[in-house]
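Have the viewer open and follow along.

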Amino acid sequence: MKVKKICCIGAGYVGGPTMSVIAQKCPDITVTIVDINEQRIAAWNDSDLSKLPVYEPGLAGVVAEARGRNLFFSTDVDTAIADADMVFISVNTPTKTYGKGKGMAADLKFIELCARQIAAASKSDKIIVEKSTLPVRTAEALKSILHNTGSGVNFHILSNPEFLAEGTAIEDLHDPDRVLIGGENAEAVQALVDVYASWVPRERILTTNLWSSELSKLTANAFLAQRVSSINAISELCERTGANVDEVARAIGTDSRIGSKFLKASVGFGGSCFQKDILNLVYIARSYGLQEVAHYWEQVITMNDHQKHRFADNIVQTMYNTVSGKKISFLGWAFKKDTNDTRESAAIYVADALLSEEASIVVYDPKVTAEQVYADLDYLGTRTPAENRRLVSVVGDPYDAAERAHAIAVLTEWDEFKTYDWHRIKDHMMKPAFVFDGRKLLSGSKLDELGFQYYAIGE
Ligand code: NAD
Ligand code: UDX
């Protein structure tokens with residue numbers, strides 16, 4: 001079977017870039033991305049490509065190439081489903097905030113809504129692809145909903161988790177380490193293999209059973225996050241012993257069995273995936289009665305929370321045990337560089353801790369809006385929206401952020417921070433001028449020379 005029309009439900013950080021690349025690489029397939037969020041769809045359709053809702057290097061070029069040719073963005077979900085022979089589900093699967101499994105399990109209500117909508121809108125046979133990250137055995141629930149419609153329409157379910165990282169999404173999609181496809185029906189699996197084979201070498205397209213594919217995604221994220229927590233655990237020991245965590249990372253990373261990637265000590269990992277997916281893995285293990293397995297993976301989160309708190313505590317302690325009334329400038333709010341995404345960003349939690357110590361905070365991030373910064377703080381519910389606006393300001397110029405600041409904290413590793421005139425920054429700061437580098441981004445020796453009091457994780 002040859003796929004001619006694809007529908008993707010969910011025009012977010014995954015659905016948008018992933019489907020744009022499929023459309024770019026497969027000009028003979030019509031790809032329609034649908035979403036219930038009208039504002040988001042309008043932004044995807046905006047003629048001004050700087051207004052795309054997702055900031056991702058290279059994305060605007062891909063959209064410019066395919067949009068209007070064989071790539072479309074729409075809010076008409078039913079029509080796109082009815083027309084398609086393959087439907088990707090790429091909606092959000094956040095941690096549950098209510099009921100059983102609150103704070104741990106994945107909230108699957110958006111997935112179930114999609115399944116019901118697909119069941120109702122379909123008049124012809126379809127392949128349904130799980131693109132969202134889902135708990136292992138979700139395909140069973142999807143099957144049950146889709147196979148009981150009585151409409152005579154047949155559905156085959158595939159699992160095709162997405163491994164792209166934000167900030168490098170287009171690179172990752174163009175040249176993936178692997179594409180993973182899990183399924184029971186050989187013909188349906190082959191149809192999706194053929195889509196990817198338009199640009200991905202065949203040996204990098206792995207096929208497995210449904211459950212291995214679903215579980216591999218949670219496992220991959222748990223392993224990656226574990227590396228960050230492992231090196232962050234060592235960073236604290238480095239600070240006490242005179243060892244340097246970058247040197248330790250280099251020394252262990254050159255062992256080919258360990259490998260050099262994902263060993264950068266930081267203020268803690270953020271992003272929409274790691275915490276959510278590990279919590280979900282822990283919940284699944286517990287639901288099967290596997291307490292030790294659950295406990296083992298939970299430590300990755302415990303260590304990450306510790307690292308964020310430790311960074312904030314160190315700022316307070318170093319600044320003579322009080323930041324009350326002091327101005328602290330945050331360089332960066334996004335959870336990593338080259339994205340406008342702030343979900344679970346360490347900056348949010350560090351800010352919250354410092355605000356509780358009565359600091360005032362000024363934020364500069366090249367791609368994050370003031371509304372987003374306030375929305376992130378308001379969401380925590382620690383203080384009222386009015387208090388957040390009184391204590392936190394967001395500026396569009398890094399030098400304004402540094403004006404009369406008692407300290408600068410680097411929360412995101414944006415490249416541009418390295419290029420600033422640090423001499424000028426110091427002149428405008430209160431003295432002693434403190435810099436707390438949560439990303440080990442700046443040159444400590446250069447800043448020391450300029451007269452800053454420079455502190456970096458793991459040194
Ligand atoms: P997102 O919140 O950016 O996008 C999800 C979109 O789905 C939203 O725009 C929302 O309006 C839409 N939506 C929800 N319910 C809908 C419905 N019933 N009909 C139509 N649209 C609906 O989320 P995301 O970051 O793109 O993540 C999507 C999935 O991909 C999640 O399961 C996530 O775990 C997984 N994932 C994310 C990443 C990442 O880096 N962000 C990477 C790999 C996998
Ligand atoms: C992650 C996975 O990498 C990706 O494969 C999956 O599809 C989605 O989840 P993402 O969350 O977009 O991607 O970014 P990632 O590059 O993994 O970074 C996650 C967090 O870990 C960031 O806050 C990053 O700054 C931090 N990190 C990463 C470190 O602190 N040190 C490192 O060495 C690597």
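How far does a polar side-chain atom of Asp35 lie from an oxygen atom of ligand 1? The separation is 2.6 Å, a polar contact in the sense used here (a pair of N or O atoms within 3.5 Å; within protein, one must be able to donate a hydrogen and the other to accept it, and residues adjacent in sequence count only if both atoms are side-chain atoms). Before going on, some housekeeping: this is a predicted model, where local features need pLDDT of at least 70 and side-chain atom pairs count only at pLDDT 80 or more, while totals for chains, interfaces and linings use all residues. Residues are numbered from 1 along each chain as its sequence is written, chains are lettered from A and ligands numbered from 1 in the order in which they are written, and side-chain values use heavy atoms, with hydrogens and water left out.

Back to ligand 1. Arg343 puts a side-chain N or O atom 2.8 Å from an oxygen atom of the ligand, and a polar backbone atom of Ile36 sits 3.4 Å from one of its nitrogen atoms. On its own, ligand 1 has 840 Å² of accessible area, and the protein covers 93% of that (Shrake-Rupley method, 1.4 Å probe). Its shell has 25 residues, with Asp35, Arg40, Thr93, Glu166 and Lys276 coming nearest; a residue belongs if one of its heavy atoms lies within 4 Å. By type, that shell splits into nine nonpolar, nine polar and seven charged residues.

Now for ligand 2, which is surrounded by 20 residues, the closest being Leu164, Lys217, Ser266, Lys336 and Arg439. Arg439 has a side-chain N or O atom 2.6 Å from an oxygen atom of ligand 2.

Last stop: Lys326, in the loop between helix H12 (291-318) and strand E9 (327-331). Lys326 is buried but has no salt bridge, and Glu357, the nearest side chain of opposite charge, is 10 Å away. Buried means under 20% relative accessible area (1.4 Å probe, protein chains only), and a salt bridge needs a side-chain nitrogen of Lys or Arg within 4 Å of a carboxyl oxygen of Asp or Glu. What Lys326 does have is a polar side-chain atom 2.7 Å from the backbone oxygen of Thr322.

Methods
Nonpolar A, V, L, I, M, F, W, Y, C, P; charged D, E, K, R; others polar. Helix = DSSP H or I, 4+ residues; strand = E, 2+ residues; numbered from the N terminus. Buried < 20%, exposed > 50% of the residue type's maximum accessible area, 1.4 Å probe, protein only. Lys, Arg positive; Asp, Glu negative; His and termini not counted.
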